[in-house]
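Colleague: I'd like to learn how to read an interface between two chains. Could you walk me through one?

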Amino acid sequence: MTPPDSRSAHAATPDSYYGRPILKEPVWKPQIPFYLFTGGLAGASGVLSLAARISGDQRLARTSLYVGLAGELVSPALLVTDLGRPERFLNMLRVFKVTSPMSVGSWILFASGGATTTAAVCDKLARLPRAKRAAEIVSGVSGAPLAVYTATLLSDTAVPVWHEARRELPFVFAAGSAASAGAAATLLLPPRAARSSRRLAVAGALAGECMTFAMLRRLDFLAEPYQQAEAGTYKRVATAATLAGASLLARRGGRSRPSAVTGSALILAGELALRWSIFKAGLQSARDPDYTVRLQRRRLRQNQ
Amino acid sequence: MGSNMAENHPVGFQWVVEARERGAQVIHVDPRFTRTSALASQWVGIRAGSDIAFLGGIVNYILENERYFLEYVVNYTNAPILLRDDFRDTEDLDGLFSGWDPETETYDPESWQYRGMDMHAASGGRERGFTQVKGHATGHGGHGAALSGGEPPEEDPTLQNPRCVFQVLKRHFARYTPDAVAEACGCTVAEFVAVAETLCSNSGRERTGAVCYAVGWTQHTVGVQYIRTAAIMQLLLGNIGRPGGGILALRGHASIQGSTDIPTLYDILPGYLTMPHVGAYDDLAHYIESNKSGAGWWANFGSYAVSLLKAYWGEHATAQNDFCFDYLPRIDQDNSIYKCVVDMFDGSVKGFIVVGENPAVGSSHAKLHRLAMAKLDWLVVRDLVDIETSSFWLDGPEIETGELKTAEIATEVFFLPAASHVEKEGSFTNTQRLLQWHHKAVEPAGDCRSDLWFYYHLGRIIREKLKDSTEERDLPIRRLTWSYPVAGAQSEPSADAVLAEINGWSQKNEPLSSYKELKDDGSTTCGCWIYCGVRADGVNQAARKKPHWEQDDYTALEWAWAWPANRRLLYNRASADPDGKPWSERKRYVWWDEPSGKWTGVDVPDFDEAKRPDYVPPDGAEGPEAIAGNHPFIMQADGRGWLYVPHGLVDGPLPAHYEPQESPLRNRFYPQRSNPARERYDRPENPANPPGQDGRYPFVVTTYRLTEHHTAGGMSRSVPYLAELQPEMFVEVHPELAKLRGLEHGDWATVVTTRTAIEARVMVTERVKPLDHGGRRVHQVGLPYHWGSKGLVTGDSANDLSGLFLDPNVHIQEVKAFTCDIRPGRRPRGAALPAYVERIRNGKVES
Amino acid sequence: MEMIADRIVAARSDTWEATDEQGEVTRRTLGIANLGGATLDNEENYLIKKLMTALGVVQVENQARI
Amino acid sequence: MPEDGLVWTGESYDNTSALGADTWRHVAFIEQRAPASATDESDAHVDALRWLMSSDVCKHCTHAACLDVCPTGSLFRTEFGTVVVQEDICNGCGYCIPACPFGVIDRRTVPDSSRPGIFAGAEDGRAFKCTLCYDRLKGGHEPACAKACPTQSIQFGPLDELRDRAAKRLEKVRDDGSIGARLYGEDPDDGVGGFGAFFLLLDEPEVYGLPPDPQTTTRDLPEMWRTAAFAAGALVAGVLAIVVGGRE
């Protein structure tokens, strides 16, 4: 509870109750914004790996498979440690509820993680090629939902800046995760072998920036939390790093390994910062009753 | 008025809300806007301590505009009675009544009597602090004066005689005009008139109005007269003894009513019998003769007194030895708690037993209580948890300031954990005089024991120790009837057996069923005559729990038991007109049924069942027979409601507005500033803030309770669920005062009087409003008083600020209106605190 | 309990007033006081008043005064 | 339930401030000037104060977002139509917390306290909220708050019956001059399908700390899933276009 900050007991302002939040702030820990990033990275890497396999780019396919594996292994660890009762993480798989993006996501992560791990193990042991192929397909198919569902998870809340961003947020996440996957592969491959991934990284980064811009524009006054306080700082870092990285990759990524590494790292950092910005903006908007009230008042006016 | 019922009596307040929903007008007149105000139809904010002016204004409004209920007033009140020619009113004597003796600072009430009557006060000490002995007794339920035949000698039914009560009343209240009220109370004329008009238009044959009050009225140096003013108003409006009428005292504890009926009070015995006074009575017969009244139910005083003595001393009480009347100790001075504490401070009290009370927080001038307790030889405290009273020697405020040192306090303190009401059985008597039995839900935990257990076994052990004593003084204790069945592993005495003794037994050892059966020849026993019948037929009537929806009448007579005789409404004969017919169909309650020749109705009639409305007492009739058939007030010797009190009060037969002891204003009505007869202790330990506006203590302060805490907090500050709802001591100030004194909402402030200073969090709120008194702006400060040094939530005690200035009739302290200063910031700690208080007293601190 | 009873007996004996200065009967002790009752049951109050009256303790008071 | 902080808020008489994991019942206290229209013209005092008081509980929404989004099935709808957390299943994922449009449900974090007599401990981790006394309802009793309320300001019963009663009450309150009075949450067609516990307010909901137009977030979930599917498709298409289509 916060100490009294109003000037009198009379200070119940006309549009709030002593300035207290209407919503409860999400209790999620830093694991969640990290997961938003790793989940996206893992999912998009699965897609990238499969696409590369189809196109015959075995090296890219293999690299992305392992990037995906890393993401798939880190993500559940992040999620489990975020739980209030980590020992009960298996309860996530107790039911399947389409009304709960978290339930759906848990199953996607379970499927995707299992497939990617199977594929990677087969690949490493060079055995069971059919199983590996099947696993790669599952991993690739489940990768896109894995990358995107977290946007739905955030949107499916009463948090104004998340819920109102529901039309753009999946695209922001899709583009961003593509950029991450591309950047991660680019980071690990010599420039020569990273042409596709480099292009994906640049395209994803630019698409992501565009979608974010469009999102903020449509959010109107609800864009404020994205631009203020911690969320604002993360947002500025994200934009700067992503655009700088994309620019570097586009200009010199094909020629210079250090440039490719730096550019890729910048994009990855930018994408991570963007997830943090979105996360923090949600907390900030939940904390301030004004966003909830203004949004709903506007809706009531429009519905009249 | 004088009550914040919604917050302090929330369970009873549901019926107020219910009445409002059915169209009743609810008016709240109080210095503070509270939850009661929030639910009322109208709130009027007045200055604390100005209620008599407000009520007096209503009385004047009723009289001036002839809004009184004439038929009721003429027949049922003493309005037509003529007063003695030597009576002088405050109108004549600048705010004093006749009989004032400036030497002793007391009144001689001789001149206040009815014309031609000899109703002199009983003999007894007249020294300061113990004025008329009778006054004390009557403060708790007046006995009438010697009067037979039921009629006073002279009356004027036309109400025209200038010496009749009605005309005296009219002249007395004439100066309480709406303008004067507005100036004294700080409200507007319109607010006042709206209240007066609402009351008048809701009274009469078809309608009635009720007044609820609590300690907001009693805790003043003129507290009794506050209630008297309301009584005058209600009698004029015809609102007494009728359904929906009355003056309802809301009591502050589960059984405050019970603890005056069966008193743990010094000046009365059970059933409001007078405690005998030193040298006043030659023998029992003299005692009875002096205290009984010729007419009315007090004529049977002897039966009540003898039955009590029989209950106390059983077979040892015989007609030959005056039923052990000599065993009763005698009083000759004020032995009320505040006087007792002053004596304690002076060292004459050796031992002190405190049960279920926390004077170190809850009593006015709590600091003096703690200093006094440090001078005891021993102290026994029984409570649910360790409270400030039992730990004053360890962590009291005076330890912090160095005024007391733990190592130097010689008091031996015993703390005994007590059982709560759910851990024992017994009866409580509530505001409505309803005795309700509560059952034991669980056994007391650990060493907790009921107070019944404590006193029974204490008495048993003392009797054991003294059983071979040859001292004459030990006879009363050795011969006391003291055998109650005990049960269980803890030898818990039977509360039911005690209740049976209270109810009383006939000679054949059968439970009595009514106080009418009591005899003065020693053949009956009864521990409290007004409770006689609570175990009629050997059945615990107080334990009846039949809900009202299973009963025919809304009065629900089969729920618990009300004294006397299960009557729910006293003086209910007044609900019918002089001929015995209901005043109106709508307000039918008790009426004369000619075919059966009896009084009947939805309640037990408070009248001789078969006494016809046209009964006229024969000459020489005594007791109830001396009350006429059209006089409902059967406890009064004249059978009438007293607009004017010829006898029984020590500070005047009529109420007059006096300022509190500490007030920033002069008296708007009289040159006499405060109640001249108020009780003071002029000694260095009890300094008073100077009256008037000299700048040192410019604000009016009033104390109050919160719903979430129980009085001194012993039962609530230790309970996390309650403690979290009101965790800190705070002080209410208006935004204007906050600005004036630089107080910030949520910050700390120090409230200071000449006695000490306390700190509290600042609550800036418009619930306390500044008032205009003829151009003077007076700010008020509100202080809840629940906190102390123990419990989950701690804080300074508001009662440390107040002094000992008492109502002379009932010795109740004035804490609802005194003066203070308030300054931003926390108070100084340790020895710096008394120094700070001293500097302010000397005007050495800039405000 | 024994200790408390002892103290009551002793304090009573030390402060007993059989008569006042004028020789009028007082039969009391002002050396002991008892406070409390409004939170108690009627039965408890009855025993308090009865016991204290028999002991000659007159300073019996409760919250009704407050 | 343990106390959750002995903190003086300065918010008039309200020291609970809001519903949460440790406060299942909260009473809003608002001190304000009565709107001019609320006081009768003949009324003697013009600058009348008024206090708004409203007790608050979980709304037990007909379409409950907390229940919808719970991934474990720990939140469920009882046979009484109320929404309750099964604490033996809840794994503390915290999703229900931002899903609730009223900010009711929360994860319990009991503050550490060295003071005796107070329940204290580490974080519990699970989500808690008002159950409308599920245990009492099962035993055939009404919820404790309704039982304890002396003025029947809190009533319990079949919703239809309560709606009727509330409508009559509203009419009366308005007739008495409170033209700002309104029922909050009684409409089954509102954004959450009507509340299981609704309120009579005398001012705008936000004055009481309540959202003016609460909506169940999952009402938009089909649309959100569609958008997500498009986005996932776009991701696949984009990757394929760049990787496969960009082959040289």
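This is a predicted model: local features need pLDDT of at least 70, side-chain atom pairs count only at pLDDT 80 or more; totals for chains, interfaces and linings use all residues.

Colleague: How much area do chain B and chain C bury between them?

Modeller: Interface size is often given as the accessible area lost when the parts come together. With a 1.4 Å probe, summed over both parts, chain B and chain C bury about 6900 Å², 62% of it on carbon and sulfur atoms. B:Thr264, B:Glu357 and B:Arg473 supply 11% of chain B's share, more than any other three residues.

Colleague: How many salt bridges cross the interface of chain B and chain C?

Modeller: You look for a Lys or Arg side-chain nitrogen within 4 Å of an Asp or Glu carboxyl oxygen. That rule finds eight here. One of them joins B:Lys465 to C:Asp6, with the closest N and O atoms 3.0 Å apart.

Colleague: And is C:Thr53 buried or exposed?

Modeller: Buried means under 20% relative accessible area, with a 1.4 Å probe and protein chains only. C:Thr53 is at 1%, so it counts as buried. Taking contact as heavy atoms within 4.5 Å, and leaving out residues up to four places away in sequence, C:Thr53 touches B:Leu269, B:Tyr312, B:Tyr327, B:Leu328 and B:Pro329.

Definitions and conventions:
Residues are numbered from 1 along each chain as its sequence is written. Chains are lettered from A and ligands numbered from 1 in the order in which they are written. Side-chain values use heavy atoms; hydrogens and water are left out. Buried means under 20% relative accessible area, exposed over 50%, partly exposed in between (1.4 Å probe, protein chains only). Buried area is the accessible area (1.4 Å probe) that two parts lose on being put together, summed over both.
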